[in-house]
Amino acid sequence: MAERREKKVRNTDLELKDRLVAIKRVTKVTKGGRTFSFAAIVVVGDEHGIVGQGLGKAGEVATAIQKGIEDAKKNLHKVPVLKGTIPHKQTARYGGADVLMIPASHGTGVKAGGAMRAVLESAGVKDVLAKSKGSSNPHNLVKATMKALLTMRDAYTITQHRGISIDKVFNG
């Protein structure tokens, strides 16, 4: 099977919107007492097929969120969005998180849980049915959703990979 290459996006002129998926307080116990820090999972996207996820860790909430946004902007990917939905049914697994995404007709909306919803809406998906099975850990859910989106292929990329024109496929 041919190796799939991810499309990384490097354009910094994009109008990106960020969404905070989860924030948690982390405690480190040392000889001198407890040290508190924060970890923030952030998803950024332009709502037109470009999405990225990042993790920021810092001693303060605002700094952790800002670091997460910067990390997400470094990890932008192009995902296929056709007429506001995904091209085909897709499943993916990351750690204990298992996700299922099914294309939906226009007007359905994004039927998904919190972490999956943030990724799908940032990518620009307007109509989709999604289910998270297994772990509800937001870290793994975001990564499983990104994995599912990155392994999707639309008709244009398949024809390009095969070296034929899209007109030949649809018009015979």
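Tutor: Helix α2 passes helix α3 in a right-handed crossing (the near helix is turned clockwise from the far one by less than a right angle). This is a predicted model, where local features need pLDDT of at least 70, side-chain atom pairs count only at pLDDT 80 or more, and totals for chains, interfaces and linings use all residues. Numbering starts from 1 along each chain as its sequence is written, and side-chain values use heavy atoms, leaving out hydrogens and water.

The axes of α2 (residues 114–123) and α3 (residues 138–150) lie 8 Å apart, at an angle of about 40° (lines fitted to C-alpha atoms over the stretch in contact, with angles from 0 to 180 degrees between N-to-C directions). Helices are DSSP runs of H or I, at least four residues, and strands are runs of E, at least two, numbered from the N terminus. From α2, A115, M116, V119, L120 and A123 meet P138, L141, V142, T145, M146 and L149 of α3 (heavy atoms within 4.5 Å).

Now for the charges. R19 forms a salt bridge with E121 at 3.0 Å (a Lys or Arg side-chain nitrogen within 4 Å of an Asp or Glu carboxyl oxygen). That pair links strand β1 to helix α2, 102 residues apart. E121 is partly exposed at 23% relative accessibility (buried is under 20%, exposed over 50%, partly exposed in between, with a 1.4 Å probe and protein chains only). R19 also meets E47 in a salt bridge, 3.0 Å from N to O. E47 sits in the loop between β2 and β3, so this pair ties together parts 28 residues apart in sequence. Finally, K17, R19, E47, R117 and E121 are linked in a network of salt bridges.
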